[in-house]
Amino acid sequence: MNGYESHGVHDLAHDLPTPVVEAPTPTGRWRDLLGATLRPAVLRALRNWQTGRLTVHLPDGTVHAVGEAGAEPHATLRVARDAFFADFVLRGDIGAGESYMAGDWSTDDLPGFIELALLNQQAVGRDDSWITALMNVPNDIGHWLRKNTRQGSRRNIRRHYDLSNDLFALFLDPSMTYSAAVFDSPGEDLTRAQERKFARFGEALRLGPADHVLEIGCGWGAFALYAARTYGCRVTGITISREQLDLATSRVAAAGLGDRVDIRLCDYRDVTGAFDKIVSIEMLEAVGREHWPVFFATCDERLRPGGLVGIQTISMPDHRFEAYARHCDWIQKYIFPGGLLPSISELCRTMAAGTRFTLRRVDDIAPHYATTLARWRATFFLRVDAVRALGFDDRFIRMWDFYLATCEAAFRTRFLGTLQLVVGRAGERPVP
Ligand SMILES: C[S@@+](CC[C@H](N)C(=O)[O-])C[C@H]1O[C@@H](n2cnc3c(N)ncnc32)[C@H](O)[C@@H]1O
């Protein structure tokens, strides 16, 4: 599966004009000074580099290489301002991401560089220190305040999904599926790979014309349309994004599936009715730890006897979950406010505490997510002029670049998983 990665994206992103480094503000000058002071310590730590090779170009024109000569993978890091060292040392991934957004550093291969950084994280001793924790307290407080109450969820979701349907249409495949696809060959068309993902759920849940399916977090309606068309089932899809509701509703009408697909603006906590099957694809990440019990209780209440639930979710490895859940990270601050990735143990514990749900099937499709993200990023940069024409500035483009590249690297190195789960109640005969 690792051979499915698309590498064309790197050149495309690299061909972009080099970010203009803004003239340092007074605080910027202080960060530069502090960064220049911290720089020797960072370069010393880099000597412990173990995997691959990194060439570092510094603002003073000097070049440093770490790792064995000729080792692969290789990436080049160009530091335009010493402030980068201060941001990275003092504020970890949030600092590194913010200084990328500011144009303080660049690289020939962003996903490749982040992959190397993740693989060498322990060697260079960049596990979060007390100073990083202290500096990021305001970010932790901000994250803590972005709670996923009904109103909070609407606010959090608006910040991402209501950015602009046109923006998402520019880099997603035409079905506008916003979750990991499942590829069967390296060059497979993304829409086909998305349909394969849907078909896996269709088969695992044994969808058929007699089923009424609830889809929690239906996005722009891709799965609902596919399931109604392919299996003849009825689908009620819910989203809390008004932009998604509008587009999904018109897509359903255009497909002539209005009699079978119903898209609603509805929080998962407010769904009524009974359903034969429930599907939720990459929505659980937006629920929040304190609301997981309500999420599963809702599925339990809404699912008819003998029914099945199919869930796809990005996951945090169990051994890192507690440390991760304690602090805000760059993705939570800039991309998915209020988001929290579950670990498989936490999910099983939550289900066991409040329901009779047990796992029937678990697959980790993380490498396929790396490929999906590489495709999204390649398409994003192919159409970057159209992104600008929508009014998104260079800082936003670098932010989106960092988002897509970080996720790609995390899935490729398996720092994150992508779980496909099938869940049913213990002690029940499945509906034939
Ligand atoms: C990453 S998108 C996935 C969309 C779709 N499943 C797909 O694969 O293309 C997450 C979806 O979850 C929805 N969502 C998030 N929080 C929700 C909530 N509290 N109630 C209902 N839907 C929610 C969002 O509106 C969005 O449609």
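Which cavity does the space taken by the ligand form? In this predicted model, the space taken by the ligand is the largest cavity. A cavity is here a set of points, on a 1 Å grid over the protein atoms alone, where a 1.4 Å probe fits but cannot get out. Local features need pLDDT of at least 70 and side-chain atom pairs count only at pLDDT 80 or more, while totals for chains, interfaces and linings use all residues. Residues are numbered from 1 along each chain as its sequence is written, and side-chain values use heavy atoms, with hydrogens and water left out.

The chain has 18 helices and eleven strands, which are DSSP runs numbered from the N terminus (helices: H or I, at least four residues; strands: E, at least two). Its C-alpha atoms fill a box of roughly 70 × 45 × 40 Å along the principal axes. The radius of gyration is 22 Å, which agrees with the value near 22 Å for a compact globule of 432 residues; this radius is taken over C-alpha atoms, and the globule rule is 2.2 Å times the number of residues to the power 0.38.

Around the ligand there are 20 residues, of which Tyr178, Ser179, Gly217, Thr239 and Gln244 come nearest; a residue is near if one of its heavy atoms lies within 4 Å. This shell consists of ten nonpolar, seven polar and three charged residues. Ala, Val, Leu, Ile, Met, Phe, Trp, Tyr, Cys and Pro count as nonpolar, Asp, Glu, Lys and Arg as charged, and the others, Gly among them, as polar.

An N or O atom in the side chain of Thr239 is 2.9 Å from an oxygen atom of the ligand. A backbone N or O atom of Gly219 lies 3.1 Å from a ligand oxygen atom, and one of Tyr268 lies 3.1 Å from a ligand nitrogen atom. The protein buries 97% of the 590 Å² that the ligand exposes when taken alone (Shrake-Rupley method, 1.4 Å probe).

Two backbone features lie in loops. Glu72 and Pro73 are joined by a cis peptide bond with omega of about -5°, and Pro73 is in the loop between β2 (63–66) and β3 (74–79). Met176, although not a glycine, has a positive phi of about 55°, and is placed in the loop between α8 (165–171) and α9 (190–204).

Note on methods:
A polar contact is a pair of N or O atoms within 3.5 Å; within protein, one must be able to donate a hydrogen and the other to accept it, and residues adjacent in sequence count only if both atoms are side-chain atoms. On a 1 Å grid over the protein atoms alone, a cavity is a set of points where a 1.4 Å probe fits but cannot get out, and a pocket is an open set with protein on both sides within 12 Å along at least five of seven lines; lining residues have an atom within 4 Å of a point. A molecule sits in a cavity or pocket if more than half of its atoms lie within 2 Å of its grid points.
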